[in-house]
Amino acid sequence: MVESILFTFGLGAVCGLILSFASKIFYVYEDPRIARVENLLAGANCGGCGFAGCSAAAEAIVNEEAPANACILVGVENVSEIAIIMGSEAGTAEPLKSYNNCDGGKRATDRFIYNGLNTCSAVTSLYGGKRDCSIGCLGFGDCVRACGFDAIHLGPNGFPEVDREKCVGCGACETACPKSILEVRTVSQRLLHLNEYDNALAPCAQTCPAEIDIPRYIGHIRNGEYEEAVNTIRERNPLLLACGRVCPHPCESYCRRGIEDDPVSINQLKRFVADYEMNSGKRLPIECAPDTGKRIAVIGGGPAGLSCAYFLRRVGHHPEIFEAMPKLGGMLRYGIPEYRLPKKVLDWEIEGILNLGIDDHTNVRLGVDFDFGSLIASGFDAVFFSVGAWNDYNLGIPGEDLDGCFTGIDFLAKIGNNDPVKIGQRVAVIGGGNTAIDCCRTLLRKGVDKVYLVYRRTRKEMPANEVEIVASEHEGIDFVFLAAPNKVVGNDENQVTGLEYLKMELGEPDASGRRRPVPVEGSETVLDVDMIITAIGQSPLLSFRGKGDRLDELTITRWNTFEVEPATCQTNVPYIFAAGDSATGPALVVDAIGGGRKAARSIDLFVSGKPVVSQPRVLLNKHIPGTIFESVEGVVHKKRTEMPELEVAERINNLNEVDLVISEADALYESSRCLSCCRLCYNADS
Amino acid sequence: MGYFELIIACIFVNNILLAQFLGNCPFLGTSKKMETAVGMAMAVIFVLVMAGTITWVIYTFVLVKFGLVYLRTIAFIVVIASLVQFVEMFLKKSIPALYAGLGIFLPLITTNCAVMGVCVLNIDKEFTFLQALVASFFYAVGFGLALILFAGLRERILLARVPKPLQDTSIALITAGMISLAFFAFQGMV
């Protein structure tokens with residue numbers, strides 16, 4: 001009896017001693033945060049996070065292998081406390097939700113007859129499934145069975161639908177799905193995702209420079225869910241009112257209906273829902289991730305700057321916009337005339353973006369009112385340049401400095417800013433782009449007698465939008481084609497009295513595929529005008545680059561733009577990013593918006609201390625091979641909704657908006673024309 | 001009995017899982033994925049060799065000597081539990097790569113009755129130290145073999161059409177029973 005008691009105590013004591021010594025000797029430093037994080041986890045060891053027990057999960061969170069919200073059982077408060085322990089990072093404390101990427105159901109055709117086991121995982125093992133769409137939903141509901149929270153069910157068309165209320169973001173459906181139909185993402189992850197070759201993308205969505213999920217928002221409009229449609233557009237484009245008015249909609253050129261019929265009027269639908277929100281009198285709430293405390297300076301408050309600031313703010317960072325002009329908006333405000341984009345509308349839209357908590361400083365020009373050194377010294381983590389292309393090219397002909405000679409952007413900016421401009425009675429606008437057309441149409445509204453548009457090629461080669469050219473023809477602009485300005489004629493008082501040009505004829509095609517104009521000898525003609533506007537293109541104005549600071553080290557291309565990595569918008573100075581016209585040269589508003597978002601993604605990576613790399617298989621507005629069709633079966637011709645516009649007589653002598661919004665009935669009709677395409681499938685008209 | 005027969009007996013004839021039915025909990029718990037099964041098998045081999053020999057030493061030189069054989073079970077439990085803890089600490093400090101590889105399986109073995117069973121069997125069969133060492137190692141190899149075989153089968157069963165009431169653990173137990181039957185063919189070899 002005594003021996004056994006002695007032995008038991010002795011063994012216990014020996015084991016205890018050995019272990020306590022061992023724990024001294026073999027002590028390994030462990031991050032104290034692990035214990036703190038573990039205390040905040042549920043402690044159920046359920047394995048729902050994918051790690052072996054709560055302590056393993058806590059370790060993974062501290063080692064940044066798992067997000068702060070890895071545990072599916074704890075509430076938002078604990079998640080944000082974990083995020084605080086971990087030093088918060090964009091999106092970590094946001095709820096994860098499951099999203100369905102494929103609403104194709106059974107539209108894609110079958111390649112073979114399948115009689116095997118009816119689960120997605122089994123079907124996938126046979127050539128990836130019987131459908132000819134390699135990425136689409138198989139519809140056997142593995143995700144439904146995987147969901148432990150009864151949040152997924154198969155909808156009427158045989159594809160899964162997620163109940164956002166019930167979804168806890170555990171990720172079981174994403175794991176169970178052998179394709180990538182169900183993705184569990186935070187809002188931030190969705191906002192910063194760039195299109196990839198493997199995504200479920202319709203041709204229009206592949207084409208859109210802002211990567212808007214077009215079929216999804218048109219689907220919302222068809223169901224009358226206008227607010228949802230606005231939110232879907234806002235995931236990619238914060239300037240929907242502006243884009244709905246001025247975007248030349250490259251997406252519509254790739255619309256599948258357009259192959260057999262007229263394309264869906266995508267942009268008018270965007271404008272319809274955007275105006276719907278504005279006219280409803282209230283702003284839809286915009287979700288922002290919890291604050292990260294990172295500050296980013298955005299130089300230039302144009303579309304790229306606003307877009308970048310908007311996305312940075314939504315993922316939790318603090319952008320501040322520095323704008324040289326008196327008001328934000330950049331070319332939207334100073335380059336696009338009132339009759340195309342009313343300032344009232346633009347103000348409303350920009351106010352909504354700033355309301356998210358973005359600070360703006362206007363009337364401050366980099367290099368004049370503040371310098372780059374002071375900007376860095378005031379503690380910004382990154383700098384984004386979106387200074388636009390405000391420097392008009394000159395013609396390089398004699399007499400260009402006479403009184404009455406203007407350049408395009410300079411002229412439009414002065415009008416946009418309500419500065420006094422001495423306008424003549426007979427004006428020649430040189431150039432064939434949108435800026436030239438904007439100048440012409442603005443001049444007409446300012447009461448000018450005669451406006452000539454002088455262009456050295458023909459109407460067919462004009463780079464301006466077709467609708468703009470047609471509208472200016474209606475308004476009575478005189479086109480002088482095949483005319484190359486030779487010299488500006490002036491009088492003794494240095495005042496313009498005429499424009500001498502050489503007549504041209506079209507020769508061999510040049511590098512751009514357009515036939516090169518060749519001057520005709522001795523064909524000098526003088527156009528009797530008293531004002532000349534040169535609008536032959538712009539380049540960025542980068543004169544703020546001082547000697548001796550980091551800006552001097554930036555690589556500049558031969559077009560005087562920032563040289564950036566196309567997929568990340570990062571310059572050769574790691575904390576400087578650039579997008580918009582100042583990185584791409586003059587381009588569309590929607591290009592600048594897409595660029596701003598791309599830069600926001602890289603800036604988020606940069607300020608979170610992660611390597612700034614592109615996504616694998618990123619699409620960058622190229623087209624996914626095999627998704628652009630030659631013909632589309634089963635399309636019944638349905639008339640495209642015409643854009644309502646003011647009559648010429650009503651619009652020619654004022655600055656009222658010319659293009660009008662379509663009616664709700666027309667929007668519903670137009671949205672029903674959408675084939676709801678994905679990569680390979682589409683809804684044929686029945 | 002020579003060592004060759006001992007080895008064959010430990011791995012196949014008296015397979016700790018399929019013939020003696022010890023350690024069924026990790027057998028069902030860690031056999032859903034091949035990766036975890038391999039990790040578990042490695043951890044068992046490692047711990048069993050340590051536990052088998054140390055318990056043999058304690059039994060022979062402490063318990064027998066002081067006539068405390070009746071305390072065998074409690075002593076072995078304490079020794080194995082402490083040993084696992086000790087090994088875990090040691091590996092974490094000295095061989096972090098191995099620690100990371102074995103991961104959570106090490107502490108799980110504290111509750112593995114196969115380990116306890118082998119230690120007791122070593123004593124009951126009156127093995128010498130060397131025999132105990134060999135037997136512990138190859139019992140563990142047998143455990144690993146059965147576990148890995150079973151994990152392979154279960155990965156395949158996932159793709160098969162299993163009637164609803166029999167899914168998951170039920171079908172796993174049935175399968176385990178059938179492998180066990182198959183292992184009975186080894187009976188009488190040694």
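Helices (H or I, at least four residues) and strands (E, at least two) are DSSP runs, numbered from the N terminus, and two strands pair if DSSP finds at least two bridges between them. This is a predicted model, in which local features need pLDDT of at least 70, side-chain atom pairs count only at pLDDT 80 or more, and totals for chains, interfaces and linings use all residues. Residues are numbered from 1 along each chain as its sequence is written, while chains are lettered from A and ligands numbered from 1 in the order in which they are written.

Within this pair, pick A:Ile299, whose bridge partner in E8(A) is A:Phe385.

Now turn to helix H3, residues 53-62 of chain A, where the buried residues (20 or more other C-beta atoms within 10 Å of their own, with C-beta atoms placed from the backbone) are A:Cys54, A:Ala57, A:Ala58, A:Ile61 and A:Val62. They lie on the same side of H3(A) because they cover an arc of only 135 degrees around the axis, the arc being that of the directions from the helix axis to the C-beta atoms.

Finally, select A:Glu64, which follows H3(A) and has a positive phi, near 60 degrees.

How values were computed:
A residue is buried if 20 or more other C-beta atoms lie within 10 Å of its own, exposed if 12 or fewer, and partly exposed in between; C-beta atoms are placed from the backbone.
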